[in-house]
Amino acid sequence: MKRRSFLTGASVGGIAAAASALSAPAIAQSRVEMVMVSTWPRDFPGLGTGAQRLAKRIQDVSDGRIQVQYFAAGERVGAFDAFDEVASGNAQAYHAADYYWKGKHPGWAYFTSVPFGLTENEMGAWIHHMGGQELWDELAGEFGLKCLAAGNTGVQMGGWFNKEINSSQDLKGLKMRIPGLGGDVMAKLGASPVSLPGGQIYENLVSGAIDATEWVGPWNDYFLKFYEAAKYYYYPGMHEPGGYDSLGLNKAWWDKLSKSDQLLIKACASEETDFMMAEFNANNGTYLRKLTQEHGVQLREFNDDVYDAFGRASAEVYEEVRAHSDLANRIHESFAKARADVGAWMKLSEGAYYAQRNRVLGL
């Protein structure tokens, strides 16, 4: 009987202890400090607000355990200093367009957008399922970084010009704000590309320091008031058909995070990519009408002569990129294969559907 009583008591005690352990709150993980810098002006619609939203989302989803301090361009470091601030460990994260760093390695451009490149849908296929993220990790790792897609602006406009562009000859001598490999394409055609952060474009366009600029699309461009300095608004942009924004993280800091914190940040970045893309699609049409109907902006389409010239120049640029290094060549080859494979499907799916839907409905 004593043995039976002991076993029964032990069983009851074990069950009670297990129940107590299950009901007790888990030991709280230690608080994580995360300083995020960006290349965007504070509260700037789409890009700036998207970066701020991402910072807040990471903090909110973690119930405040990950404390995020967000700094817009110029508040802690200059817009183009964000890379070094994070790579050095002075900050833990940046929100930017990675093609800003192409001077450090041309491969960075592919993970924002490149001439005749991938749309947002195609980009997602490459990054998530066709080896793109692995190559991004390899490149970023060489600089002490880990990068995640954290926003997209879709197919961008070709830019604002102070004169009509009727042939590739009209680009010669033009001073144009255009970063990334798109700027290299323009240089091949005789233009002088200039790289400026968003907050400095308007003053340079108004003063005549530049003759033309690309930025994003109607929604963003409206708020920068480019229509006050240039009336010709060209489409489509060959240089940026699916521009990813990046959450760049200091790799040493990232590697010390728990697996659950890494997954939390990845989920927040992924959600921002979808949300931002939807936001741009929801607003661009409205603001295009404002530009054309309220401000007299003249919408122009690049003709075939100009686009063919873009194509020839981009082929030259890509050959130079591939010659840079083994990694640059492998990034390009992987990108090109995705463009061919996914592009062929998109032509039969979305491309064909858009053409027929718009024809039938007169859109």
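Predicted model: local features only at pLDDT ≥ 70, side-chain atom pairs only at ≥ 80, totals over all residues.
As for where it sits, Asp-63 is in the loop that runs between α2, residues 47-61, and β2, residues 66-71.

Next, Phe-116. Its phi is positive too, about 55°, and again the residue is not a glycine. Phe-116 belongs to the loop between β3, residues 93-96, and α4, residues 120-129. Is Phe-116 buried, exposed or partly exposed? The relative accessible area is 29%, so Phe-116 is partly exposed, the class between the 20% and 50% cut-offs.

On to the peptide bonds. Which form does the bond from Tyr-235 to Pro-236 take, cis or trans? The bond is cis, and omega is near -15°. Pro-236 is placed in the loop between β9, which covers 232-235, and β10, which covers 244-250.

Last, the surface. Three residues, Val-360, Leu-361 and Leu-363, make up a nonpolar patch there. Together they have about 350 Å² of accessible area. One of them, Val-360, is part of helix α12, which spans residues 326-361. Val-360 has a relative accessible area of 58% and is therefore exposed. Patch members need over 30% relative accessible area, and the 58% of Val-360 is the value to set against that.

Technical notes. Residues numbered from 1 in each chain as written. Heavy atoms only, no water. Patch = residues over 30% accessible without salt bridge, like charges linked within 9 Å, V, L, I, M, F, W, Y side chains within 5 Å. Areas by Shrake-Rupley, 256 points an atom, 1.4 Å probe, with all protein chains shown as cover. Salt bridge = Lys/Arg side-chain N within 4 Å of Asp/Glu carboxyl O. Helix = DSSP H or I, 4+ residues; strand = E, 2+ residues; numbered from the N terminus. Buried < 20%, exposed > 50% of the residue type's maximum accessible area, 1.4 Å probe, protein only.
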